[in-house]
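The report below walks through a protein model element by element, beginning with a strand and its partner and ending with the confidence of the prediction. Please keep the structure in view while reading.

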Amino acid sequence: MSSKRDYYEVLGVARTATDDELKKAYRALARKLHPDVNKDPDAEAQFKDLSEAYEVLSNAQKRQIYDRHGHQGLRAGGGGPAGAEGFPFGDIGDILESFFGGGGQGGRPGATRGSDLRTQLELTFEEAVFGCEKELEIPRWENCLICDGSGAEPGKPPTRCTSCNGSGEVRRVQQSLFGQFVNVTPCDRCRGAGQVVTHKCVECNGRGSVRKTRRLTVTVPAGVDNEMEIRLNGQGEGGERGGPSGNLYVRLQVKAHPRLKRDGADIICELPLNVAQAALGAELMIPTLAGEETFRVPAGTQHGHEFRLRDRGAPRLQRSGRGQLRVVTRVEVPANLTEKQRALFTSLAETFAPPPAAGPPPNPAPVTDGETGAQSPNAADGPKGKPRKSKGIIDKVKDALGIDGNE
Ligand SMILES: [Zn+2]
Ligand SMILES: [Zn+2]
C-alpha cells in the first residue's frame with residue numbers, strides 16, 4: 001500500500017486514454033485477474049488495484065484530481081475508492097460493485113438492486129465482550145463476470161427489444177369513466193431490460209448472475225450483545241443488470257456463560273455463600289472476565305447484596321470505558337444438616353433467644369422442631385441434636401462448615 005502504482009500504469013493505458021479505452025483495458029484485465037478465474041495468489045491484490053484504478057479514472061472528477069495531485073490528492077480530498085462503511089470486510093463485494101457499476105449511476109435499463117441477505121453468527125460470551133474476527137461463508141448470486149451481467153454471450157450483444165423499442169416499458173392509453181390515462185408497465189418480452197438476449201451466456205445460462213459461495217471476514221466490535229445485528233454493505237445478493245448489491249445482515253447469537261451474565265456493559269456474577277461465610281466474612285474465588293480471582297466478603301454480608309467493581313465489565317459498544325462487574329451474593333441456608341451442624345445451630349439459636357427470665361428450660365429453643373416434613377426429608381434420619389457445650393459458638397459453626405476463618 002505504501003508504494004502505490006500509477007493508475008494509468010495499472011490499466012496499461014496512456015494518460016490521454018478516452019473513457020472507452022479505459023473501459024476496454026479494464027474489462028480485458030479484469031477477466032484475466034478476477035480471483036474466480038485466476039488462482040495466482042497475487043491476482044486478488046492485482047485485481048483490487050485494477051478496480052481501484054478504474055474506479056478513479058472512470059470518474060471525471062476523481063481523474064482530474066488524480067492527474068493534478070496524484071494519490072495524495074485523492075486521500076486528502078476524501079475521494080478515494082469507496083469501501084464498505086462501518087466495518088472492514090472482505091473486499092470482493094466492494095470490488096464487484098465498482099466493477100459492475102453498482103451504486104446506481106449509469107445503471108442499465110432494468111437494473112435492480114440485489115436482495116438483502118440475512119445470516120446468523122454464533123459467538124462465545126468472551127468473543128462478544130472482547131470482539132473478534134469471524135469467517136462467514138455466504139452463498140449468493142453474483143453478477144456473471146463473463147457477460148458482465150447482461151446474460152448474453154460475449155461478442156453477441158443483446159439486441160434492442162422490438163416490443164418496447166428499447167425503453168423497457170410499455171405505455172398503453174386507456175379510457176375510463178374519469179377520462180383517458182396512460183398506463184405504463186414493464187415490457188413483458190424483455191422484462192424491463194429494453195434488450196433481448198439472442199445468444200445466452202454459457203457461463204450463467206443467460207441469467208446474468210452466478211451462484212457463488214463467498215468467504216467473508218466479519219470484524220465483530222467489542223461489547224456486542226445477543227440479538228444485535230451487523231450490517232455488511234453490498235455483501236448481499238448481486239444486483240440484476242448492473243444494479244447495486246444488497247446488504248448482508250448478520251444477527252449475533254451469543255452463547256451463555258456458565259457463571260457470568262450480561263446486563264448491557266455490566267457483567268453480573270452470582271456468589272453463593274453459606275451462612276457462616278455470610279456471617280463471618282470469607283475469602284472466595286469469583287469468576288471475572290480475566291479469569292478466576294479471590295474476592296473478600298466482609299463479615300455480616302446479607303443475601304442479595306451487590307458488590308460493584310468499577311471498570312471490570314464489558315467495553316461499552318461505540319463508547320469509551322467499561323461497565324461494572326457486579327457480584328451478587330446468594331446466601332444458602334443448609335437444607336440438610338449433619339448431626340453436628342444441627343447441634344451447633346441449636347446452640348446458636350439459644351444465643352439469639354431473648355434473655356431467659358429465670359432458669360433456662362431443659363429443652364431449649366423451638367428451632368429444634370425443624371423436621372416438619374417436606375422441606376428437609378433427610379433430617380428425620382439423624383437423631384435429635386444434642387445441645388450445649390462450652391466451646392464458643394462461632395468456632396463451632398466454623399468447625400462444622402469447614403472454615404478456617406481466623407481473622
Ligand atoms: Zn453470463
Ligand atoms: Zn421490451
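Strand 4, which spans residues 169-176, is hardly covered, for the count of buried residues among its 8 residues is 0. This description, like the rest of the report, concerns a predicted model. Strand 4 runs antiparallel to strand 5 (residues 179-186), to which 8 bridges join it, and the two strands form a hairpin with 2 residues between them. Within this pairing, arginine 172 has asparagine 183 of strand 5 as its bridge partner.

**Overall composition**

The protein contains 9 helices and 15 strands. Of its 407 residues, 28% count as buried, and among the contacts with a separation of 6 or more, 67% are accounted for by residues 24 or more positions apart.

One open sheet is formed by 3 strands in the order 1-9-8, with mixed pairing. Its edge strands are strand 1 (117-123) and strand 8 (229-232), each of which pairs on one side only, and neighbouring strands of this sheet are turned by 25° against each other on average when direction is ignored.

A further open sheet consists of 4 strands in the order 10-11-15-14, and here too the pairing is mixed.

| Strand pair | Bridges | Bridge partners |
|---|---|---|
| strand 4 and strand 5 | 8 bridges | arginine 172 and asparagine 183 |
| strand 8 and strand 9 | 4 bridges | arginine 231 and tyrosine 249 |
| strand 14 and strand 15 | 4 bridges | leucine 309 and leucine 325 |

Helix 2 (residues 19-33) has 15 residues and reaches 21 Å from its first C-alpha to its last, close to the 21 Å expected at 1.5 Å a residue. Which of its residues are buried? Ala25, Tyr26, Leu29 and Leu33 are buried in helix 2, and because these buried residues fall within an arc of 100° when seen down the helix axis, they line one face of the helix. On the other side of helix 2, Asp20 and Ala28 are exposed. The buried residues of helix 2 pack against helix 1 (7-11) and helix 3 (43-57).

Helix 3 likewise has 15 residues, and its reach of 21 Å from first C-alpha to last is close to the expected 21 Å. The buried residues of helix 3 are Phe47, Leu50, Ser51, Glu52, Ala53, Tyr54, Glu55, Val56 and Leu57.

**Confidence of the prediction**

The mean pLDDT of the protein is 79, and 77% of its residues reach 70 or more. Over residues 76-107, however, pLDDT stays under 50, and the model has 67 contacts beyond four places in sequence for this stretch. Residues 364-390 also have a pLDDT below 50, and their stretch has 34 contacts in the model beyond near neighbours in sequence. Where pLDDT is low, the predicted coordinates should not be read in detail.

Methods: Residues numbered from 1 in each chain as written. Chains lettered and ligands numbered in written order. Predicted model: local features only at pLDDT ≥ 70, side-chain atom pairs only at ≥ 80, totals over all residues. pLDDT = per-residue confidence, 0-100. Contact = placed C-beta atoms within 7 Å. Expected span 1.5 Å × (residues − 1). Buried ≥ 20, exposed ≤ 12 C-beta atoms within 10 Å, placed from the backbone. Arc of directions from axis to C-beta. Pairing = 2+ DSSP bridges. Axes fitted to C-alpha atoms, helices over the stretch in contact; angles between N-to-C directions.
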